[in-house]
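Subject: Structure for you to look at

Hello,

Here is the structure I promised to pass on. Please open it next to this email and follow along.

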Amino acid sequence: MKTTVFSTHKFEEPYLVKANDGKHQLKLLESRLTQETAILATGSKAVSLFTGDDASAHILEKFNAFGVKYIALRSAGFNHVDLAKAAELDMKVARVPAYSPYAIAEHTMALILALNRKLIKAHNRVRDQNFSLNGLTGFDLNGKTVGVIGTGKIGSVLVKILHGFGCKILVQDVIVDENLINSYNVIYTNCETICKQSDIISLHVPLTSSTKHLIDAKHISLMKQGVMLINTSRGGLVDTKAVIEGLKTKKIGYFGIDVYEEEEGLFFEDHSDDILQDDVIARLMTFNNVLITSHQAFLTETALTNIAETTIYNLDCFEKGKVSGNEVS
């Protein structure tokens, strides 16, 4: 089946080619899917999209006119796809529901440790032959209260890791996981309680209308002074401008993100020769207690292999008219 693959990155291309093994005609494009680039899918029956691709209603209508019937997402999230429009057009959408929860959870822990122990600052100092320890004091994670909002596959792995560090763990989710209670002594509670009691808060919920700007000025005001806030889930979960105010007043003592609400067209691309046009992230980058990675939490060999294999499997099922179990529309 002829498939146009948008937003193909060099780091994933060999995994896609290997998983495909010549089965489908993959048209690998570096271009991100936009109103202007949608036409590049002309002649394809399927498209494959990444997290930054725009699959809004108008673009899906264009795809339908081109004869595109299937969308294979190379991500677990699907908030960038207008599912109602896809259903209206009888367009099938499938995702990669779980490529490696360990990759995301471990990166989350890396952000926590790097911020706490000020590893970036320490590394830069040593490179300048400055071996002073002033200003590098961290805290013991053992005994600290960590709030994990969302205890799905990723959140559950993070709970296991945090338990190993000796943390007291508060969690919030619409579904109670009894195994987490029995194995790791987690306490299920609400978002407000997590904000009030946690030394560290980490977000692991999908982006929906009910979770958009879950962390806003109101919730930030409830947090402990100097709280650490981590987001490796979806950028829209956080009101970034409210976080900046929290950083300025020192209510938020540490902020680590791998996702950003306006990351489309910014993350995954080299802008080193450009003038940064996004004033919000530019302001974030001025804080020495903020650590930003550009959506790389998933970037492990295991995850890339699983993403590629599941994507090709979904294309196989589309072509054969079979149910993959990964459908979202």
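First, a term you will need: a crossing of two helices is right-handed if the near helix is turned clockwise from the far one by less than a right angle, and left-handed if anticlockwise. Note too that this is a predicted model.

Now the helix pair. The crossing of H4 and H6 is right-handed. H4 covers residues 101-116, and H6 covers residues 153-164. Their axes lie 8 Å apart, at an angle of about 50°. Angles between 35 and 65 degrees count as oblique, so H4 is oblique to H6. On the H4 side, the contact uses Pro-101, Tyr-102, Ile-104, Ala-105, Glu-106, Thr-108 and Met-109. H6 brings Lys-153, Ile-154, Val-157, Leu-158, Ile-161 and Leu-162. Ten of the residues in this contact are nonpolar, one is polar and two are charged.

Next, the cores. The largest nonpolar core has 31 residues. Which of them touch the most other members? They are Ile-149, Ile-201, Ile-215, Val-243, Leu-247, Ile-252 and Phe-255. Several elements supply at least two residues each, including helix H8 (191-197), strand S9 (200-203) and strand S11 (252-257). Helix H10 (240-248) is also one of them. H10 gives the most, with four residues.

Take a look at Ile-252. Setting aside neighbours within four places in sequence, Ile-252 is in contact with Ile-220, Gly-226, Val-227, Leu-229, Val-243, Gly-246, Leu-247 and Asn-289.

Best wishes

Key. Residues numbered from 1 in each chain as written. Predicted model: local features only at pLDDT ≥ 70, side-chain atom pairs only at ≥ 80, totals over all residues. Heavy atoms only, no water. Core = buried A, V, L, I, M, F, W, Y, C linked by side-chain atoms within 4.5 Å. Buried < 20%, exposed > 50% of the residue type's maximum accessible area, 1.4 Å probe, protein only. Contact = heavy atoms within 4.5 Å. Axes fitted to C-alpha atoms, helices over the stretch in contact; angles between N-to-C directions. Parallel < 35°, antiparallel > 145°, perpendicular 65-115°, else oblique. Nonpolar A, V, L, I, M, F, W, Y, C, P; charged D, E, K, R; others polar.
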